[in-house]
Amino acid sequence: EVVITGVHLGGYGSDLGVSLDQLLIALLEKTTIPRIRLGSIEPWNFSSKFFSLFTSPRLCPHLHLPLQSGSDSILKRMIRRCTVEGYKEIVHQALEENPSFHISTDIIVGFPGETEEEFSQTLKTIQEIPFGDMHLFRYSPREGTAAVRLRNHVPNAIKKQRNQVLHEVAAKKKEAFMRSLIGQKRFVLWERDAKQQQDGSLLWRGYTDNYVKVYSHSKRPLFNQITMAQVMAYDLDHGLRVEIP
């Protein structure tokens, strides 16, 4: 597996007269890399044919799209180049191409000036989008940034309370996404060295093609191999359990 990553990944090639689409097409056509995955990518600069590339089983159906806020007024203050509706449309395109596409995101709570109404808008937005995972952060001032000069900084106690609300929503959404995969067959890349169990079996951990961590018990050597596996169950303590046919 290779991971295509970088700052402003979606704008790849703008200085060379090429695009991220062309890079991915070249990798698919000119290499035999089994899995190609994209790192964090800003939710803009997608071409009209971008998601059609995911018809290739070698291109992993997972995108980490940092939303940062579910309120358009905060996105504007953040000088973000997207709107809530524009973000939803990107997610719609991904899921239309592949219903088990995994979308993860970043959210910042307590951005300067965030009102109760703006927080409610963020809460409503994330409830409407089928995120598989969310990375949540409380805003913290950093010297030299434009945001530190904004007015009406949110008190720490309110940021903490809002963050807790989002954590509870995020946990429920993650569980719902995990359970939606039960019964599916997915390709898994086994990445971790196995741990021996009391019954002599080996506990292996890896990632599905849509970047979900799974585990399985097997006496077969699996490290750094890609195998088909069926998702059997999910529990809060151990995650998704799969079985290898």
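**Salt bridges, strand pairing and surface charge**

In the predicted model described here, Lys124 has a relative accessible area of 49% and is therefore classed as partly exposed, a term that covers the range between buried (under 20% relative accessible area) and exposed (over 50%), with a 1.4 Å probe and protein chains only. The areas themselves come from the Shrake-Rupley method with a 1.4 Å probe, and for residues only the protein chains shown count as cover. Because the model is predicted, local features need pLDDT of at least 70 and side-chain atom pairs count only at pLDDT 80 or more, whereas totals for chains, interfaces and linings use all residues. Residues are numbered from 1 along each chain as its sequence is written, and side-chain values use heavy atoms, with hydrogens and water left out.

Lys124 takes part in a salt bridge with Glu128, in which the closest N and O atoms are 2.6 Å apart; the term denotes a side-chain nitrogen of Lys or Arg within 4 Å of a carboxyl oxygen of Asp or Glu. Both residues belong to helix H4, where they are separated by four residues, or about one turn of the helix. Helices (H or I, at least four residues) and strands (E, at least two) are DSSP runs that are numbered from the N terminus. Glu128, at a relative accessible area of 40%, is also partly exposed. Through salt bridges that share partners, Glu85, Lys88, Lys124 and Glu128 are joined into one network.

In the whole structure, twelve salt bridges are found. One of them connects Glu1 with Arg35, with 3.0 Å between the closest N and O atoms. Since Glu1 lies in the segment before strand E1 (2-4) and Arg35 in the loop between helix H1 (20-30) and strand E2 (36-38), this pair ties together parts that are 34 residues apart in sequence. Arg162 is buried, with a relative accessible area of 3%.

Strand E6 (residues 185-190) and strand E10 (residues 226-235) run antiparallel and are joined by five bridges, with Arg186 having Ala229 in E10 as its bridge partner. E10 also pairs with E11 in the antiparallel sense, again over five bridges, and the two form a hairpin with three residues between them; within this pairing, Asp235 is the bridge partner of Gly239 in E11. E11 (residues 239-243) runs parallel to E9, to which it is joined by two bridges, and Tyr215 stands opposite Arg241 in E11. E9 is in turn paired with strand E8 (residues 202-208) in the antiparallel sense, over five bridges, with Trp204 opposite Ser216 in E9.

The hairpin of E8 and E9 has four residues between its strands, and Tyr211, in the loop between E8 and E9, has a positive phi of about 60° although it is not a glycine. Tyr211 counts as partly exposed at 28% relative accessibility. Asn224, in the loop between E9 and E10, likewise is a residue other than glycine with a positive phi, near 65°, but Asn224 is exposed, with a relative accessible area of 58%. In the loop between H5 and E6 lies Gly183, which is 50 residues from Ala233 in sequence and 8.2 Å from Ala233 in space, C-alpha to C-alpha.

On the surface, Lys174, Arg192, Lys195 and Lys213 gather in a patch of positive charge. Such patches are made of residues with over 30% relative accessible area and no salt bridge, like charges being joined within 9 Å and nonpolar side chains (Val, Leu, Ile, Met, Phe, Trp, Tyr) within 5 Å. Lys and Arg count as positive and Asp and Glu as negative, while His and the chain ends are not counted; the place of a charge is taken as NZ of Lys, CZ of Arg, CG of Asp or CD of Glu. Lys213 lies in strand E9 (residues 213-217) and, at 40% relative accessibility, counts as partly exposed.

Methods. Two strands pair if DSSP finds at least two bridges between them.
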